[in-house]
Amino acid sequence: MVLIHCLSPGSRCARTDRSALRYRYALRHALKDAKQVFHFAAQVAVRTSLIDPVHDFEVNSSGTLNLLEEMRSLFDPPPLVFTSTNKVYGNLPDIQFQQNHTRYQPIVGAGFPCPGISEDRPIDFHSPYGCSKGAADQYVLDYARTFGMPTVVFRMSCIYGPHQFGTEDQGWVAHFLIRAIKGQPVTLYGDGMQVRDILFVEDLVDAFLLAQENIRTLSGQAFNIGGGIENTISLLEFIELIREIHGKKPTVYFDNWRPGDQCYYVSDTRKFQAATGWTPQLSIPQGVRKLYQWLLSRRIIATPCDRWDFIKRCPQPELT
């Protein structure tokens, strides 16, 4: 396995040579013996994309196009699974909501098709991050359509699980747990009633493997992947779940809504389920407890810099 880390100059891959998706010669070398490709690398933060949209585009859009071109140059391109985002659907302005104590609840029939957002939903990019990931999403699909390459796109909701050290910008489930364990406050942007479907990472890995196994029938398609209607939770409800698991709720502060934030996003995963038989196995309480226990076992020795602070002042660590 070859891992190309990050997408920016100066990063290192698993072979310890300098490489990035923006450098096609490095990709050419990495793809030489590849049998399967999983494209997870990205600039992942909306706030970072607002600070430097050009860098965001170069990483997410140009980097993905470089990868596709290097794959296309091969005699027999390996199958590609690309991780896109639910942000390609925008902030869903046409869906009407009602407030139900701790969460937003869509009014079914008022622009909202139960049981969630399906792949039939028109794409509507918001924020530079949404644009860059959305452009990459469309390139991956079109290279299957135009060049016959075996590619699949996962438009993913919120993913969580062991080995995730979340920040305010990415990995909020782990971020909230880490703050609670450390006795630090949590900031909710908006009113905290935003609802997401969350998916445990082991269930996601099962979906990745099924996509590769069925690539010939799935190629050229996008699939919404998340916990689905059975695994939804609001931010306020998650704070209460932390109290049940940890024994104490973190102090909560509120701040302004973030650009393009969705009041409610729940994946309709029926398309992928019908194609492969996949379904999430872990419930939210089961998965969150597993992540909590893993974080405790790690003792949270080193807290990564907040991504925003990292951009402003934290030195880039040297990887060896």
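1. Quick notes on this one, starting with the fold: the chain has eleven helices and twelve strands. Bear in mind that the model is predicted.

2. Take the contacts with a separation of 6 or more: 79% are between residues 24 or more positions apart. The accessible surface is about 15300 Å², with 52% of that belonging to carbon and sulfur atoms.

3. Nonpolar side chains in soluble globular proteins tend to be buried together. Here the largest nonpolar core has 26 residues, and those touching the most other members are W172, F176, L177, I198, F238, V288 and L291. Two or more residues come from each of β6 (158-160), α5 (172-181), β7 (186-189), β8 (195-200), α8 (235-246) and α10 (284-298). The top contributor is α5, which gives seven residues.

4. I198 is worth a click. Setting aside residues up to four places away in sequence, I198 touches C158, Y160, W172, V173, G227, N231, I233 and I284. There's also a second, separate core of 16 residues, with F154, M156, L218 and W278 among them.

5. Last, have a look at S118, which sits in the loop between β4 (103-106) and α4 (127-147). Buried or exposed? S118 counts as buried because its relative accessible area is 18%, and the cut-off is under 20%. Its side chain reaches the backbone nitrogen of D120 at 3.2 Å. Beyond its neighbours within four places in sequence, S118 is in contact with Y89, N224 and D268.

Note on methods: Residues numbered from 1 in each chain as written. Predicted model: local features only at pLDDT ≥ 70, side-chain atom pairs only at ≥ 80, totals over all residues. Heavy atoms only, no water. Helix = DSSP H or I, 4+ residues; strand = E, 2+ residues; numbered from the N terminus. Contact = heavy atoms within 4.5 Å. Areas by Shrake-Rupley, 256 points an atom, 1.4 Å probe, with all protein chains shown as cover. Buried < 20%, exposed > 50% of the residue type's maximum accessible area, 1.4 Å probe, protein only. Polar contact = N/O pair within 3.5 Å; in protein donor to acceptor, adjacent residues only side chain to side chain. Core = buried A, V, L, I, M, F, W, Y, C linked by side-chain atoms within 4.5 Å.
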